[in-house]
Amino acid sequence: MDHEGIGAPIDGKGDGDMVDEKRERELAGKIEKAKEIFKQAFERFSPEETRLIWSGGKDSTLVLWICRQFCGENNLALPGSFTIDEGDSFEEIDEFLKRYSREWNVGLDWGRNEDVLKASNYTLGADVHMKDLNERNRAELKRIGFDQEKFPFEAESYAGNHLMKTVVFNAYLEQNTVRAVFQGIRWDEHPARKNDQYSEEIGAAELVPAHARYRPILHFTERDIWDTTHHYKIPFCSLYEQGYRSLGVKTTSLKAADIPAWEQDLENTSERGGRRQDKEKAMQRLRKLGYM
Amino acid sequence: MNNLILLTIDALRKDVLGCYGDKGGLTPFIDSIQDRSVRFTKAQSIGPYTQASFPGILTSSYYLEYVMQEREQELLSYRRTLVSEVLQRQGIATAAFHSNAYLWDCFGWNRGWNTFYDASDEEVDDKAPYTKARELNKKVHLWLSSHVASGTDRPFFLWLHYMDIHEPYVPERTYIDMVDPSIDLNEDAIFKLFEDAVLKRDASDRGVVELLKKLYCSHVREVDDAVREFFGTLEELDILNSTVIVITSDHGDEFGEHGGLSHDGKMYSELIDIPLIIFEPSRKGPEVCDKLVSNIDIPPTIVRLFGLQPVERFKGRSLLPPEEYPVKGCYGEALDIEASQKMEETKEVHYYREEDLKIIFREADNSWELYDLETDPGESNNLIDTSPAAEAMRGKLMPRIGRSRRNGS
């Protein structure tokens, strides 16, 4: 493991011994399928009109890695990337993004809702008062039907989620005339994803610019991600080695176990689950205590 | 004082303790420490079940303030400050040992603890679906020993929570015999009472209800022994004399007093009256405080005992010194679990108490009740239509009704 503890290609561990020839062909096929999605996108849009949404997590890093290959093979410029800082991020992730944007020579824009951060005094959990927000943020909250005087600064609260993620995303597309984005969503990561398509057109609406969304690795399972990552020595954030399976904002991401993500029972436990499984267990326990 | 321990006992009714007047001899050890304690005779819980009460005990905030967002996210709001967070920032060693699944780390109760043991990895038995007090005592013993052995002069704050009194009420034979040796039922038969009566909240058979109460009391006797054992550990490690210990419960338990069983969302005394005892090793002689106080006052008391500045977010007042505690009313609030399930929308239930008058509002049937606890401690004679105080009391509750839907305002 890399000495800075950021996460890096693993030497001698994981590759070859985990992936036999048949599996290698299978993974190569999945990568080819992803490249077809890039091909479709670049037939419609120039790379300058597109962005990779790169959280620094394993999935979006794979999307970037495949995109680099595809662009190299087809003599295309590499699209820039965009990451959303919700004001509650892991340092390990930030370091990872900085390091590999440099090493891979990929443009990286950071988006954050500075207005909300300022109104919260940069403090998680603090009250954000409507009157302290700019017009755009107030209009956004009105658009989603939020009519309270204040809300707590938490990326995953109703208002916080909208302002810290959705608004930042839409504003970025608008300001940079981005017409298409690449996302690292997968079918198996959540039941809600199972009907997602490889591409989707988002029509223009109030405060939302029209754009297309491409999802090149929809068909990868969590196991495919790890096998590919190890086999091709794709770098990944060190938090996965500590046991995190899925990385979101810091305060609500929990380790699923104390062993590396890829050594966990990926097929029978939930990826987003550190938390979810504990809660289900808590519910069972409470039922035993007589609570309905 | 160097250290502070908060010992909470789930579902412990005030009226089963000897020091609060019970004659059954269920709590000989707790009774024996009264000569070095302040005992509060009118302590109220801010809620009738764990989720409604613990925001008061550990965060000095009311349950309904942030409940909608918390239910949606299944996570304690960051707008609540745990007393452990305050103390940890000041360099005090903080540790929690409990096994109540509502308070597990996955729900956000792990904030601010250097050590947080919630027993979530333990396997449990249907007849005792929690980690028993004696087992927790062993874990705490280890933690305390290593704290002492480290030679640190860092004070500690320890929260220890016993679940043993909580249903399904399947106590050990030894303790059943101490309460009523004529109870001739094996564990399976006792467990069946839980399944047939408690789970169905069926209090129609008086004999069954009395039997359940005796089984509950057997657990009370058992927990008193666990408390004795725990004090023994503190003595053995030579820290009893430098440690203040707050003993309380999160709520009581119902045995048919108002037609039901367990604790789902009623606001009567069998659920809201709680024991509250502060053991101070340096105290000479017992003290009794008859002021109306609330478990929302516990975090401010802890902060004050550590000599720290009051915390702005805390809604309560320090209980010590008792003479400085103001004369005021107490509020409590909860979601009415039974009604909310039946009606498929959340219904609130509230109370407000001032001296011996108590008003209760149930949103599910829009009902108001007013009781004079001095003349009617069983809360059976509703004075809402006759008491001249009714309007003023109603006025105290009105602004709080519906606050679970007002998104943390």
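In the predicted model, strand β12 (residues 348-354) of chain B runs antiparallel to strand β13 (residues 357-362) of chain B, and six bridges join them. Strands are DSSP runs of E of at least two residues and helices are runs of H or I of at least four, both numbered from the N terminus; two strands are taken to pair if DSSP finds at least two bridges between them. Across this pair, B:Val349 lies opposite B:Arg362 of β13(B). Two residues separate the strands of the β12(B)–β13(B) hairpin, in which B:Glu355 adopts a positive phi near 50 degrees.

β13(B) also pairs with strand β14 (residues 367-372) of chain B, in the antiparallel sense and over six bridges. Here B:Arg362 stands opposite B:Ser367 of β14(B). The hairpin formed by β13(B) and β14(B) has four residues between the strands, and B:Asn366 in the turn has a positive phi of about 55 degrees.

The average pLDDT of chain B (the predictor's confidence in each residue, from 0 to 100) is 94, with 99% of the residues scoring at least 70. For the complex, the predictor gives an ipTM of 0.83 and a pTM of 0.68.

Between the chains, 19 residues of chain A are in contact (C-beta atoms, placed from the backbone, within 7 Å) with 24 residues of chain B. Helix α9 (residues 273-288) of chain A supplies the largest share of the chain A side, eight residues.

Residues are numbered from 1 along each chain as its sequence is written, and chains are lettered from A and ligands numbered from 1 in the order in which they are written. In this predicted model, local features need pLDDT of at least 70 and side-chain atom pairs count only at pLDDT 80 or more, whereas totals for chains, interfaces and linings use all residues.

How values were computed: Two residues are in contact if their C-beta atoms, placed from the backbone, lie within 7 Å.
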